Amino acid sequence: MNKNHILKKIIQSVITIILVLILNYFLFRIMPGNPLQMIMRNPKATPEAIAKTKALFGLDKPWYVQFGIYIKHLLQGDLGTSFLYKKPVGAVIASRVIPTVLLVGVGEIIAVIIGTLIGIVAAWKRGQKIDVTLLSFSLITYSMPTFWLGIVFVAFFSVHLKLFPTTGMVTPGLTYTSTLAKISDIARHMFLPVLTLSLVMIGEYALIMRNSLLDVFTEDYITTAYAKGFPEKYVVRKHAVPNALLPMVTIVAINLGLVIAGAIQVETIFSWPGLGRLMYDALKNRDYPLLQGIFLIVTICVIIANLCADMLYSYLDPRVKN
Amino acid sequence: MENAKKAARKRKIRKFIESFKTNKMGMIGAIILGIFIFLAIFGPIIYPYDPMQFGTAKDVMAPPGPGRILGSDDMGRDVLGGLISGTRISLAVGILATIISMVVGTIIGVASGYYGGRTDAILMRFTDMFLVIPWLPLMLVLAAILGSSIWNIILVIGLTSWAGTARVVRAQALSIKERQFVERAKSIGADDRHIMVKHILPNVFPLVFANTILVSAVAILSETTLSFLGMGDPTHPSWGMMLHFAFESGAASVGAFWFLLPPGLCVVAVVLAFTFLGYAFDEILNPKLERR
């Protein structure tokens, strides 16, 4: 692994984060006027909130001073006060992280495993009936609006068949007799959201794995392996698949945008108490500080995840030198 | 010389059409898309519908019946009518947003690849930022700030989805500027603008075209999602907006499948058609795939 390569990637990520901070600042301050105007537009804002915002951002000072104040507050972990919850944005966001991580984590793991398997089978049996079926399945799930799939599942499984609860993460008002009872209650609530989220991602992963594997099949070392007389199954499993899996590392990171989009929609449909639902509520109530806070934190997390994937990739694939 | 060039181009196009005709996926995509484009243009004439015409109380979420093939929505309006008038809006937003995205992506890609050096570094950092920022939160934030008019939605989608195109176009421009004809044009004193417009642009065009199809699919999905999440323009009800009202009015909990399913199925059909077309073009145009 090349030290310069890593250093370059880290510097690039830092630059991207700075650009995002500037973008974020300008979006919320310059474009519609200033935070004061935004608060005035919000019917839920109290006079105290208006006064506090005015003092907080130094609104009478030039923009670069305001930007400095903004960065200073950020570094102190101060993201402002939510109009809707009347609490610090940081605290509101922190209380919603775990449900999202749980939902996205489980959904992503299932999607990666099943998607990869589908991709392998499709590439291996290229052009055959099973490939066409799997490919169509992948393309159809990939073309579906996530939220729509979620609503259809709710209408069918929860309302029509009454198999699963429609909303939330736990049954309200229920006291659990054991930890196991609590886990099973959460699992019951999680089933449909996870199913929706992973279904829309499976298609994407399957298509990428299929392409990656088809590319690997044209490599010389595969021909060599066949020439050595290894059986097909062995070549696919031991030579082709491990190499085709490499790009999946970066794809999982690149796809985070897709996963987050999925989480926002799924959490909205199922009233899952995570960051996605929080963003929907912030949007609905025009809670700009909260919206800005979520946007900033999610974006920085994605940038860092991409950096980690880059480093992992260059560690796994020695061909990446520069 | 000029004639020979034209003939060669014509031959290329004919060959492309020939291979496209034998591509099953491409043909299915083209047919589905053709139907929806027909509906978008002529639908409102064949099947008149006024979104402002609300039904009476007994029409609210009425199941399909005589005179109302697909039942009615939460306001007692005809679902089929909403679907047809929504076709025009969804397609128009998707296509206009794609055009913006293509123009921005191509300009940035060509400039970045052609000039190289510092221009390239700055433009690509900027492009990377747009690639890495999660797209839905960005679109939602922009839409929330700009306000939900249909033009803002088009602008928001167009201005956030060009980064992929810019990257691909840049790579192509990089290789084209090293070709002989660019050297030749330079040596006889052609300026940068002339070279970019007359030599680089025509050569990146097939790539831009193939990208247009894939971005269209993404743009239509984006519009649907934005409208669903309440960021759409209520005066221009698209399919996404219909689904927004279906969700908000609890169509799922009363089992009003006639209101829930059709708009979503239309989105799936159109996005799938674009994806099929994209795949077909990729298979025909991408020389690397032939080896497989």
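## Basis and overall make-up

Helices (H or I, at least four residues) and strands (E, at least two) are DSSP runs, numbered from the N terminus. The model is predicted, so that local features need pLDDT of at least 70 and side-chain atom pairs count only at pLDDT 80 or more, while totals for chains, interfaces and linings use all residues. Residues are numbered from 1 along each chain as its sequence is written, chains are lettered from A and ligands numbered from 1 in the order in which they are written, and side-chain values use heavy atoms, with hydrogens and water left out.

Chain A holds 14 helices and zero strands, and its elements, read from the N terminus, run α-α-α-α-α-α-α-α-α-α-α-α-α-α. The C-alpha trace of chain A spans about 80 × 55 × 35 Å along its principal axes. Of its 322 residues, 48% count as buried (under 20% relative accessible area, with exposed meaning over 50% and partly exposed in between, for a 1.4 Å probe and protein chains only).

## Helices 9 and 11 of chain A

The axes of helix 9 (residues 179–217) and helix 11 (residues 232–254) of chain A come within 9 Å and cross at roughly 130°, where axes are lines fitted to C-alpha atoms, for helices over the stretch in contact, and angles run from 0 to 180 degrees between N-to-C directions. Helix 9 of chain A and helix 11 of chain A are therefore oblique to each other, given that angles under 35 degrees count as roughly parallel, over 145 as roughly antiparallel, 65 to 115 as roughly perpendicular and the rest as oblique.

Residues making this contact (heavy atoms within 4.5 Å) include Y205(A), I208(A) and F217(A) of helix 9 of chain A and V236(A), N243(A) and V252(A) of helix 11 of chain A.

## Helix 12 of chain A against helix 5 of chain B

Helix 12 (residues 256–270) of chain A packs on helix 5 (residues 135–146) of chain B at an angle of about 60°, with the axes 7 Å apart, which makes helix 12 of chain A oblique to helix 5 of chain B. On the chain A side the contact involves G257(A), L258(A), I260(A), A261(A), I264(A) and Q265(A), and on the chain B side W135(B), L136(B), P137(B) and L140(B).

## P64 of chain B

P64(B) lies in the loop between helix 2 (24–46) and helix 3 (79–115) of chain B, and is partly exposed, with a relative accessible area of 42%. Not counting residues up to four places away in sequence, P64(B) touches I69(B), L70(B), G71(B) and W258(B).
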